[in-house]
Amino acid sequence: MVLIVERRTAIYLDANAGAPLKPAAIAAIRPLLNSEDGLLPNPSSIHAHGRKAKRWVAEAREKIAASLGSSVDPEQLVFTSSGTEANQLAIRSVLEARLEQGGRPHWILSPIEHDSTLQLVDWLVKRGGGVSFLPVDAQGRIEVSRISDLFRPETALVSVVWVNNETGVIADIPALIQETERRKITLHLDAAQAWGKLPLDLGSLGADLVTFSGHKIGALAGIGLVSIRRGTALHGLIRGKQEKGRRGGTENLLGIVSMGAAAQDLDPVAWTKRVSPLRDRLQSVIRQRPGLAGVQINGEEAPRVANTLSLSFEGVGGDGLVMALDLAGYSVSAGSACSSGVLEPSHVLLAMGRTKAQAVSAIRVSLVDEVPLPVLDGFADALEKVVVRARKSAATE
Amino acid sequence: MTTSNATTYTPSGQSSATSRSGHGKRVLVAMSGGVDSSVTAALLKTQGYEVIGVHMQLWNHGEANLERMGGRCCSLIDSNDARRVCDKIDVPYYVINAQDVFQEKVVDYFVHEYLENRTPNPCVQCNTKIKFNYLFQKADELDCEFVATGHYAQVEQDELAGVARLKKAIDPQKDQTYFLFGLTQKALQRTLMPLGAFPKMAVRKLAEEYGLAVAKKADSQEICFIGTEGYKNFLEERVTPELRPRGVIKTIDGTIVGEHEGLHRYTIGQRKGLQQLLERGGKQFEDYFVVDFDTVNHSLIVGPEELLYTKELIATEVNWLNFPKTENALRGVACRARIRSRHEEAECLVTTFENNSVHVEFKEAQRAITPGQAVVFYVDNEVIGGGFIDKVIRPKTV
């Protein structure tokens, strides 16, 4: 069907869903795609081609290790297919080891974890394990001190999301580590949204398992990572000889190389300096719009990463706002979508004590990097227009 | 596969409904993932409308049921089919979540009606209570002037009278006006149903010519939330046995002739399931039907077919789309009425009461008037209103 509709390119304000490929990542994989022999060699091969590929993987691993802190051992990084697999590998590795010994491990986590982590709650309960959730306050802060109340002798693992993807709220990691080290519990941190947004120093941190995702930092999608503290055993989910037996399957060469280049290019301090004033400006512009009166900014009083803005408009469906903004040429998101694209109420906002009506009324704006001011103002105009319209249609219903 | 180019395509059955030009007006098209709504979207796009495809997720069959429910209304497959159609015709596509409200307003109602010994029509209920409400609210949010659906019905804007008219589809086999009487006049004025001007065969042909992957997809016939298990199992899984007690089968004069396993298993006019009477009572019951329910004693009343024929009913929750202006409401409205989706309308007189209820008296007795079903009123080809059958009035002599 032809009938071309002229549509200007939509403005992308959904960095937390996936950042655009970094030019450095594109430059790094381009020679691999344009090689004369058209070969993406298998790094396990002994021959010259294979050795070259193995070297690319090793170089990427070194660049990634350097971006994660001053004394991170590249050999303690395990590549996976995604952030989801990284989370599930880290969690199941700890819990399955206990289950296999006939134990009934107990797992403490926050209710605002990523879905890939929460998926394993049922999995553990079905196998006889126990699960406790850390409380979250109205600003989206995880109350890590409550570990002392939830702790049991069989507590095997604590999982906490470093930066929440919906609100951008940063967890209190030093306090958390104090709690877990004191009790010698294994700690898993989901750092998918922290990487590139906060300066990291895993070497001095003391977390046992930290997980990452490629497309959140401008690498290709389809590549994830688990960083393992030396001395922490990892039981693979996918058996095979690659990654020192910790994750089977031929290495995703393009993904790994792109992740190395993107990681090397990260500068969270400079990025925060650029992006933070823009987010704050957008926030105050939104506050001042008469049509947006009553807007609630979720996590406003908590420490947040520089680019994320979670907004609730009481009585208005977040899904409708996302659709209307899409038609107006702005890409933002709401809640989390299931496989059919249906939006469920945000589990993050529910955990923050919001009602179901409030939890379906939120949208998330997340800036990639610098945005011209007129674009931000244009977005505020569009937002005001669609919210006013939605409130009117809800009132006449 | 046809490789027709839609820009050079002119619909063969050109009519006023198809030539109405969209002029870039924005229209929300409700897309089930079936062939009808897909063609609706494509047609409106070729007519120059700015089409937005919206799929309502009404019922979650769950991933485990993907195979069992595959290809049916509301399943993931349907949502993906609708998405592919929108990709093909290059229009935006969104899925909206109406599962909670569907559960409450349609599924719970459906179960409740059976427990009240009525035979509900969930599709009418869905259109009346959810679909159009939701779609118009979404249309307002998305700044759409119109809502379009793939129903086989015609909406005519009568500019002189300042009203919209809901008229039967030109294909009498496909006409779906019976399911649409609950629309409001205000909604109707913003509604497009372009398929009412086409025979079904032409719609499939259009789907092929547009190159839509759903062109050969089977029509959905059953109730969307009930799978191969059937409605009886669906109810029995959800309702404790105390609420659907067994009871006796009686004739109209009170003679007990058998037992039944819950009144929800029967509907007025049904003969199936009464074989046990034949086995026990012999030939005299050969032509017996379910004619009524004794809801106090949970008894099933059976009788010969002539007892199924009655003339009068009371309907509630009546909605008038176009109350005939010349009629004196006190004297009653002379029109024709349909008492189930596959019923041929019959002449009747409708007397209105307060509380949106009406008394309907047919000229000729009608077979198996069934509480819970809709009664829809027609003048010529136009739907003027309708309601839900609450009671059947039987002559005192029986």
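pLDDT is the predictor's confidence in each residue, on a scale from 0 to 100. The structure described here is a predicted model, and its overall scores are an ipTM of 0.84 and a pTM of 0.87. For chain B the mean pLDDT is 86, with 88% of the residues of that chain reaching 70 or more. Two stretches of chain B fall under 50: residues 1-19, for which the model has 31 contacts beyond four places in sequence, and residues 63-74, which have 20 contacts beyond near neighbours in sequence. Where pLDDT is low, the predicted coordinates should not be read in detail.

Chain A is divided into two domains, domain 1 covering residues 23-264 and domain 2 covering residues 267-396. The C-alpha centres of domain 1 of chain A and domain 2 of chain A are 28 Å apart, and the two domains meet through 20 residues of domain 1 of chain A and 22 residues of domain 2 of chain A. On the side of domain 1 of chain A that touches domain 2 of chain A, nine residues are nonpolar, seven are polar and four are charged.

Within chain A, seven strands form an open sheet of mixed pairing, in the order 2-8-7-6-5-3-4. Strand 2 (77-80) and strand 4 (130-133) of chain A stand at the edges, and because each has a single partner strand, one side of each is left without a neighbour in the sheet. Neighbouring strands of this sheet are turned against each other by 20 degrees on average, direction ignored. Strands of a sheet pair through backbone hydrogen bonds, either parallel or antiparallel. Strand 7 (residues 209-213) and strand 8 (residues 224-228) of chain A run antiparallel and are joined by five bridges; A:Ser213 has A:Gly224, in strand 8 of chain A, as its bridge partner.

Helix 3 (residues 83-100) of chain A lies across several strands of chain A, namely strand 2, strand 3 (106-109), strand 5 (155-161), strand 6 (186-190), strand 7 and strand 8, and runs at about 160 degrees to strand 7 of chain A. Helix 3 of chain A also packs with helix 4 (residues 115-126) of chain A, at an angle of about 35 degrees and with the axes 9 Å apart, in a crossing that is right-handed. In this contact A:Gly83, A:Thr84, A:Asn87, A:Gln88, A:Ile91, A:Arg92 and A:Leu95 of helix 3 of chain A meet A:Ser116, A:Thr117, A:Leu120 and A:Leu124 of helix 4 of chain A. By class, the contact of helix 3 of chain A with helix 4 of chain A has four nonpolar, six polar and one charged residues.

A further helix pair in chain A is formed by helix 1 (residues 23-33) and helix 7 (residues 253-264), which pack at an angle of about 145 degrees with their axes 7 Å apart. The crossing of helix 1 of chain A and helix 7 of chain A is right-handed. The residues that helix 1 of chain A brings to the contact are A:Ala24, A:Ala25, A:Ala27, A:Ala28, A:Ile29 and A:Leu32, while those of helix 7 of chain A include A:Leu253, A:Leu254, A:Val257 and A:Ala261. The contact of helix 1 of chain A with helix 7 of chain A has 11 nonpolar and three polar residues, and no charged residues.

Chain B is divided into domain 1 (18-209), domain 2 (240-306) and domain 3 (309-393). The C-alpha centres of domain 1 of chain B and domain 2 of chain B are separated by 39 Å, and their contact takes four residues from domain 1 of chain B and eight residues from domain 2 of chain B. The side of domain 1 of chain B that touches domain 2 of chain B has two nonpolar, two polar and no charged residues.

In chain B, four strands form an open sheet in the order 9-8-11-10, again with mixed pairing. Its edges are strand 9 (256-260) and strand 10 (288-294) of chain B, each with a single partner strand, so that one side of each is left without a neighbour in the sheet. From one strand to the next, the twist averages 30 degrees. Strand 8 (residues 247-251) of chain B runs antiparallel to strand 9 of chain B, and four bridges join the two strands; B:Lys250 stands opposite B:Ile256, which belongs to strand 9 of chain B.

Methods: Residues numbered from 1 in each chain as written. Chains lettered and ligands numbered in written order. Predicted model: local features only at pLDDT ≥ 70, side-chain atom pairs only at ≥ 80, totals over all residues. Domains from an automatic or database assignment. Contact = placed C-beta atoms within 7 Å. Nonpolar A, V, L, I, M, F, W, Y, C, P; charged D, E, K, R; others polar. Axes fitted to C-alpha atoms, helices over the stretch in contact; angles between N-to-C directions. Left-handed = near helix turned anticlockwise from the far one by under 90°. Pairing = 2+ DSSP bridges.
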